[in-house]
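This report describes a protein chain for a reader who is new to structural analysis. Please keep the sequence and the three-dimensional view at hand while reading.

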Amino acid sequence: MLFEVYGENAVFQWVGWLLVFVGLIGLNEFARRSKTGGIIMFVALPICMTIYCIAVTAGAASGATWAVDNPTVLFQNGWFHYAKVYAALTGCIGFMIIKYHWGKLGKAEWFKAFPFVIVAINILIAVVSDFESFAHFVSGDYFLLDNGSAAWITSEHATQLTGWHNLINGIAGIINIFCMTGWWAVYSSKKKQQDMIWADMTWVFIIAYDLWNFCYTYNCLPNHAWYCGLALLLAPTVANALWNKGGWIQNRANTLAIWCMFAQVFPQFQDSFPEYGLNSPFAVNSVLSTQANTIVSVIALLANIAAIAYIFYRAKKLGVNPYKKEVFVGTKDYEAARARIADGECPEHEIADYEAAHKILDGNKAA
């Protein structure tokens, strides 16, 4: 068992998970299906959130009681949460620029590499957080729990484990960055440009990413991972698997930004700190076991090693640079996503590369 989802609050915890999962899927659909929905979710709401966060932070700095005891100030004041919410929002806006071809950026070929850059930044933010936790282990700045696990208390009052698992998963995250292929092959979808399609981002990357990111949340957000590690990761993955092929990264950015904004303003939903007068029935903690964290971390690392090995195998088979060209041409996931790209979106050189890849694949089959 990875989480404490039993006891008197078990019903609330499972219902809470379901509400978050379904809510994220629904809000993602609202955001992706129209420009109005996207602007409301990723421009208007972030402005409101920013005003609120500045107000409570400034109030706390001045010593105002109403602000000092504010849940956002107490439980969401770390650098990671602010970096993550604004990095995710930057991704959402950039993806809209690409899929709607807004301005010069939306029409620029070089800007198609933006999704890779912003996803890499988001991954690195988490990697740094894992390494930050590992630094507590190396420096000896930790205490032992009753089960012998090394832990430290974050600025947000959460008990977080520290150990070799942080280093292992940090390495997995760095490898995961290079599991993204076909950096410039992103396009608008058919049907009102609802989605930004990255066809080469198939299940190979998605599974490796989900395992790494779940492990990150389990390592560094042990009191949030039930929601941001399971519900939040499964929402875009289910959408990509069932009805939105090729749109996973857009789904991921949208749901991540939505969840981060909610968690930033309403941390009392998922946090329980009785000593501070906060005891949510929806709160779920991990079991805080070094053994569990290490197992999850090793699985994440092995999955990413397997993913990048398979990517290099595909690249060698097609004779291409996996970052400049697509490597999953001919696979079921890729072809389903490519079929959704709007007519006229792919430049001639990309069409030529696609046809050349199929010739190689057809030749291998014939041989």
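**Basis of the description**

The model is predicted: local features need pLDDT of at least 70, side-chain atom pairs count only at pLDDT 80 or more, and totals for chains, interfaces and linings use all residues. Residues are numbered from 1 along each chain as its sequence is written, and side-chain values use heavy atoms, with hydrogens and water left out.

**The whole chain**

The secondary structure of the protein chain comprises 15 helices and 7 strands; helices (H or I, at least four residues) and strands (E, at least two) are DSSP runs, numbered from the N terminus. The radius of gyration, taken over C-alpha atoms, is 21 Å, close to the 21 Å that the globule rule gives for 367 residues, so the chain is as compact as a globular protein of that length. That rule is 2.2 Å times the number of residues to the power 0.38. Along its principal axes, the C-alpha trace spans about 65 × 45 × 35 Å.

Of the 367 residues, 56% count as buried, where buried means under 20% relative accessible area, exposed over 50%, and partly exposed in between (1.4 Å probe, protein chains only). Contact means heavy atoms within 4.5 Å. Among contacts between residues at least 6 apart in sequence, 72% join residues at least 24 apart.

**The nonpolar cores**

A nonpolar core is a set of buried Ala, Val, Leu, Ile, Met, Phe, Trp, Tyr and Cys residues joined through side-chain atoms within 4.5 Å. The largest one has 101 residues, and F42, M180 and W259 have the most contacts inside it. Apart from it lies another core, of 5 residues, including L74, F75, F273 and L278. Not counting residues up to four places away in sequence, W259 touches V20, L24, Y227, C228, L232, F269 and Q270.

The table sets out two helices, with the expected span being 1.5 Å times one less than the number of residues.

| Helix | Number of residues | First to last C-alpha | Expected span |
|---|---|---|---|
| α2 | 27 residues | 38 Å | 39 Å |
| α5 | 22 residues | 32 Å | 32 Å |

Helix α2 covers residues 35-61. A kink of about 30° lies at L45, shortly before the proline P46; the bend at a residue is the angle between axes fitted to the seven residues ending there and the seven starting there. The buried residues of α2 include F42, P46 and M49. Their cover includes α1 (10-32), α5 (79-100) and α12 (248-265). Just after α2, G63 takes a positive phi of about 90°.

Helix α5 is mostly covered, with 16 of its 22 residues buried. Just after α5, H101 takes a positive phi of about 55°.

**Two single residues**

V265 lies in helix α12. Leaving aside neighbours within four places in sequence, V265 is in contact with M49, Y52 and T72. V265 and V329 are 64 residues apart in sequence and 43 Å apart in space, C-alpha to C-alpha.

Q160 belongs to strand β3 (residues 159-161) and is buried, with a relative accessible area of 4%. Leaving aside neighbours within four places in sequence, its contacts include S133, W152, N219 and P222. Q160 and Y218 are 58 residues apart along the chain, and their C-alpha atoms are separated by 9.3 Å.
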